Each structure stands twice: as C-alpha cells, then as structure tokens.
Amino acid sequence: MALAGLGNKDLNLIIFGGKGGVGKTSCAIATALALSQNFKTLLISTDPAHSLSDCLEQQIGYSIVNIEGAANLSAIEVVAEEAMSEFIGSNRDELKKLLSTSTNLDDDDIEEMLALSVPGIDEVMSFKTIIDFMEEGNYEKYVVDTAPTGHALRLLSSPELLDEWIKMAAKMRWKYRYMITSFSGSYQPDDVDTLLLSLKKTVKRIENTLHDKNKCEFVPVCIPEAMAVNETERLINDLTKFGIFPGQMVVNNVMVSEGCDFCRKRKVGQSHYLKMIRERFRGLNVVEIPLFTEEIKGLRTLKRLIEFLFEDNMIKNNQTGNLNG
Ligand SMILES: Nc1ncnc2c1ncn2[C@@H]1O[C@H](COP(=O)(O)OP(=O)(O)O)[C@@H](O)[C@H]1O
Ligand SMILES: [Mg+2]
C-alpha cells in the first residue's frame, strides 16, 4: 500500500500528525519532496521543537528558504511567538483603539496587556500564518509538520478560539457603537471593525479549508506499539469532532528483517499491533514503512522513504511525470 491521492489537483493542504517520535517530520518532508517533483510545494513546520533543518541538513528558520537539491520545494519553520508579535506590530493601532474605546484601561495598562501571552495564541497565529501563505497562493501544495498530538489538536481548534475572541471583541465594540450612535445619531465602521471583519474571514477560510476533504487531508502517523496505537485512535476520534476524516495513515518503523534473534522478537511483538491497527482502523488505507537500518536524514535516506510512501501512486493520480525523478 502507498499514500494515495496527494497529487489530486484540489488537495493543497496536507497535515501530518501523531505521537512524538513516530516519524511525522520524516513523512512530512518526504511527502513534500515527492510532491515537489510535480508541484510547487511549501513545507511548513509548526512544531516549536523544529527539526526540518536537522533532517534536511540545511538551516531553515522563520522565513521561507529554497531547499537545496529540490528545485520546487521551499520550507519555513513557523515561530508562533514571532508570528504573534508581527500580528500585534502590524495591528497595534487597531488593537489599542479596541481596548481604549471599550475598557477603562489607560495607555500603560494597554501596552502591558498587548505584551501578555494568551493561552492558545501560538496555535492561532501558526494557523493564520499557514492560511495567509495559502491565500498568497505562491505554492500548489502546503505540507504541514506538526508537534505531537495535543499540539496538532490545539492547532486545529484554533479557529474556534479565534472566533470566540472576535465575538468577545465584537461585544465590547457593541457598547461603544451604541454610545456613539446615541450621541451622534449614526455610526461609521472604523479600522477596528475592519480588523475584526478580516479576522472573521480568516476563521471562515480556515474552517472551509479544514472541512473540505478535497482541499485538506490529515495523515496520522503511528508505529506498531500499544501507546502509539491508542493515541492514534484518540487522535482520529478527536479529528472527527473537527469534521476531519482521515482516509489513510502511515505505520512507521515496521520490522521486516528476520536476520537475528532481536529482529525476529521485535517482529513477533509488532505483528500483534499491526493486526490491531488493521482491525481498529478498518476503512483507512494503511501504509507500512519499514524500520530502516539508519536514521532518516538527508536527501538520500529521504528518497528511500519516498519509495515506500508512494511507490508509483502519485504518478498514477496526476499523470504528470515521475516522482522519483
Ligand atoms: N522508518 C524509519 N527507520 C529508521 N529511522 C526512522 C524511521 N522513521 C523515522 N526515523 C527516525 O526516528 C526519529 C524520529 O523521527 P521524526 O520524523 O523526527 O519523528 P516525529 O516528527 O514524529 O517526532 C528520527 O531520528 C528519524 O530519523
Ligand atoms: Mg517532528
């Protein structure tokens, strides 16, 4: 079995998620590399413990860089705190006005408040950054490497959180609006209203993308071990609550060798969980990746991973050229 359909024309957001250490980053990078054979691709890491640089053996940071040796692939490691300060920086006047017109805070209090970190803000800003990239439309495929499960779920629930804030801000504004209308008889929407409206549109865009299975695919990554299988099951259940229904998953680190006693024992141990995975995730296309003798680092080993992830499926799907070039 191989991952299927990622070359479909409308599918432009592909998110890898799962437990820590199961191979999310390796699979995300390999997928982005494979897709870049046919599509202009942006690889985005939202994991605060970024590891794209290590795996690609190239310095990547919070600005888009081209990946050496892959003509159509660029990458970025999103730093949520920086995304947040950029947002505050470019909307400072509007945010100050929102707070000064609807609270009793003085200028110093407002500055202090804007400097505060708000729970959940990281994920909201990470997702806003992804959506902004998609809106700019410079790439055909956006492949996202996430941090372990809890973080990925927070990332996916971020539009809801942003929506709650907008509602709260709109409520605060309503009183101000009422006051202005009472005094002057009418109210002209200002730059604060424009900001809230644009944030509301961001929420809608995120939701529309996430819930459209033709546009967005979430690929859980798992390994054949008890904790990982249970966590994947919870992840898939939680995803369905967000209206996301994975159609395929990767099972990584599968022991294939029987060349020594250790390998044979590991293989027997894994076979129980492989069976469990096939039963519990019936209906999903399960893609098994062998445990390699070496870590996945650099283009050479990534190409090996691509061969297992895709075989020649992507070529069949879009009929445009050869993946493994
Ligand atoms: N199939 C595999 N065979 C051998 N090593 C692997 C395999 N998949 C991943 N690795 C290695 O396991 C470690 C964790 O993989 P990584 O992709 O960083 O996981 P995650 O992003 O889920 O934390 C890395 O050192 C990676 O090179
Ligand atoms: Mg990772």
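Analyst: Two strands pair if DSSP finds at least two bridges between them; strands (E, at least two residues) and helices (H or I, at least four) are DSSP runs numbered from the N terminus. The model is predicted: local features need pLDDT of at least 70 and side-chain atom pairs count only at pLDDT 80 or more, whereas totals for chains, interfaces and linings use all residues. Residues are numbered from 1 along each chain as its sequence is written, while chains are lettered from A and ligands numbered from 1 in the order in which they are written.

User: How many helices and strands does the secondary structure of the chain come to?

Analyst: The chain has 325 residues, and its C-alpha atoms fill a box of roughly 85 × 40 × 35 Å along the principal axes. Its secondary structure comes to 11 helices and 8 strands.

User: In which helix is confidence lowest?

Analyst: Confidence is given as pLDDT, the predictor's score for each residue from 0 to 100. The chain averages 89, and 96% of the residues score at least 70. Residues 315-325 stay under 50 in pLDDT. Strand β7 has the highest confidence in the chain, at 98, and the lowest mean, 50, belongs to helix α11 (residues 313-318).

User: In what order do the strands form the open sheet?

Analyst: The sheet holds 8 strands, and their pairing is mixed. Strands β3 and β8 (285-290) stand at its edges with a single partner strand each, so one side of each has no neighbour in the sheet. Read across the sheet, the order is β3-β4-β2-β5-β1-β6-β7-β8.

User: How many residues of strand β4 are buried?

Analyst: A residue is buried if 20 or more other C-beta atoms lie within 10 Å of its own, exposed if 12 or fewer, and partly exposed in between, with C-beta atoms placed from the backbone. Strand β4 (residues 73-77) runs parallel to β2 (residues 41-45), to which 5 bridges join it, and Ser 45 stands opposite Glu 77 of β4. Strand β4 is largely enclosed by the rest of the structure, since its buried residues number 4 of the 5.

User: Which residue takes a positive phi in the hairpin of β3 and β4?

Analyst: Strand β3 (residues 65-66) pairs with β4 in the antiparallel sense over 2 bridges, and Val 65 faces Ala 75 in β4. The hairpin has 6 residues between the strands, and the one with a positive phi, near 85°, is Gly 69.

User: Which element gives the most to the shell around ligand 1?

Analyst: The shell comprises 16 residues around ligand 1, of which Lys 24, Thr 25, Ser 26, Phe 292 and Glu 295 come nearest; a residue is near if its C-beta atom, placed from the backbone, lies within 6 Å. These residues divide into 5 nonpolar, 8 polar and 3 charged, where Ala, Val, Leu, Ile, Met, Phe, Trp, Tyr, Cys and Pro count as nonpolar, Asp, Glu, Lys and Arg as charged, and the others, Gly among them, as polar. At least two residues come from each of α1 (24-35) and β7 (248-254). The most, 3 residues, come from α1.

User: Which residues does Leu 291 touch, not counting those up to four places away in sequence?

Analyst: Leu 291 lies in the loop between β8 and α10 (298-310). It has 17 C-beta neighbours inside 10 Å, so Leu 291 counts as partly exposed. Its C-alpha is 9.0 Å from that of Ser 257, 34 residues away in sequence. Taking contact as C-beta atoms, placed from the backbone, within 7 Å, Leu 291 touches Asn 253, Val 254 and Met 255.

Methods:
Two residues are in contact if their C-beta atoms, placed from the backbone, lie within 7 Å.
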